[in-house]
Amino acid sequence: MSNAENTESIFTQGDKAPADYFMGNAWIKKLVASDPVFNTQIGNVVFEPGARNNWHTHPGGQILIITDGTGYYQEKGKAAQIIRKGDVITIAPDVVHWHGATANSSMTHIAVNTNTQKGIVDWLEPVTDDQYKSIQ
Ligand code: MN
């Protein structure tokens, strides 16, 4: 396998993440739509350097599978943690958190939203530049 093949994305880029809930450039490729059989929604999300989502909760929980790059995951009241390709993060229902890239690296994860019959996401306030820069 060539290096070029190694660096290929698995999925197409998808749609630009909504500016109301994301800072910077992020891209969402929908992979599995929720339905009453699986109650699970799956998407691939690419965060360009500096991009992150707002603080938010998932009423049914969320699992993040990091597939490329380096980023941050932070729960309210706790220190931000570095997340890297190969990490898997489980987020319990209603835990306030955000995720995104570091300032100098992109980060890609597959987001698995579970128990979607309880709701998928409730958006809160943005992660300010001061908050983001304070974890560099
Ligand atoms: Mn989340």
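Start by selecting Asp-129 and Arg-52: they form a salt bridge, with the closest N and O atoms 2.9 Å apart. A salt bridge here is a side-chain nitrogen of Lys or Arg within 4 Å of a carboxyl oxygen of Asp or Glu. Asp-129 sits in helix 2 (residues 129-133) and Arg-52 in strand 5 (residues 52-53), so this pair ties together parts that are 77 residues apart in sequence. Helices (H or I, at least four residues) and strands (E, at least two) are DSSP runs, numbered from the N terminus.

Colour the two by accessibility and they part ways: Asp-129 is partly exposed at 42% relative accessibility, while Arg-52 is buried at 4%. The cut-offs are under 20% relative accessible area for buried, over 50% for exposed, and partly exposed in between (1.4 Å probe, protein chains only).

Before moving on, a word about the model. It is predicted, so local features need pLDDT of at least 70 and side-chain atom pairs count only at pLDDT 80 or more, whereas totals for chains, interfaces and linings use all residues. Residues are numbered from 1 along each chain as its sequence is written, and side-chain values use heavy atoms, with hydrogens and water left out.

Glu-125 is in the loop between strand 12 (122-123) and helix 2, and Lys-76 in the loop between strand 7 and strand 8 (81-84), so the pair links parts that are 49 residues apart in sequence. Glu-125 is partly exposed at 38%, and Lys-76 is partly exposed at 44%.

Next, pick Glu-75, which lies in strand 7. The side chain of Glu-75 meets that of Lys-78 in a salt bridge (3.0 Å, N to O). Glu-75 is buried at 18% relative accessibility; Lys-78 is exposed at 53%. The Glu-75 side chain also makes a polar contact with the side chain of Tyr-73 at 2.7 Å. (That term means a pair of N or O atoms within 3.5 Å; within protein, one must be able to donate a hydrogen and the other to accept it, and residues adjacent in sequence count only if both atoms are side-chain atoms.) Leaving out residues up to four places away in sequence, Glu-75 touches Trp-55, Val-95, Val-96 and His-97, where contact means heavy atoms within 4.5 Å.

Select the manganese ion: its protein donors are His-56 (NE2), His-58 (NE2), Gln-62 (OE1), His-97 (NE2) and His-99 (NE2), lying 2.2 Å from it. Donors are N, O and S atoms within 2.8 Å of the metal (3.2 Å for Na, K and Ca); water is not among the atoms, so sites may look incomplete. The donor residues follow the spacing H-x1-H-x3-Q-x34-H-x1-H. Both His-58 and His-97 are buried.

Last stop: the largest nonpolar core, with 15 residues, where Phe-47, Leu-64, Ile-66, Ile-83, Ile-89 and Met-107 touch the most other members. Such a core is a set of buried Ala, Val, Leu, Ile, Met, Phe, Trp, Tyr and Cys residues joined through side-chain atoms within 4.5 Å. Which strand gives the largest share? Strand 7, with three residues.
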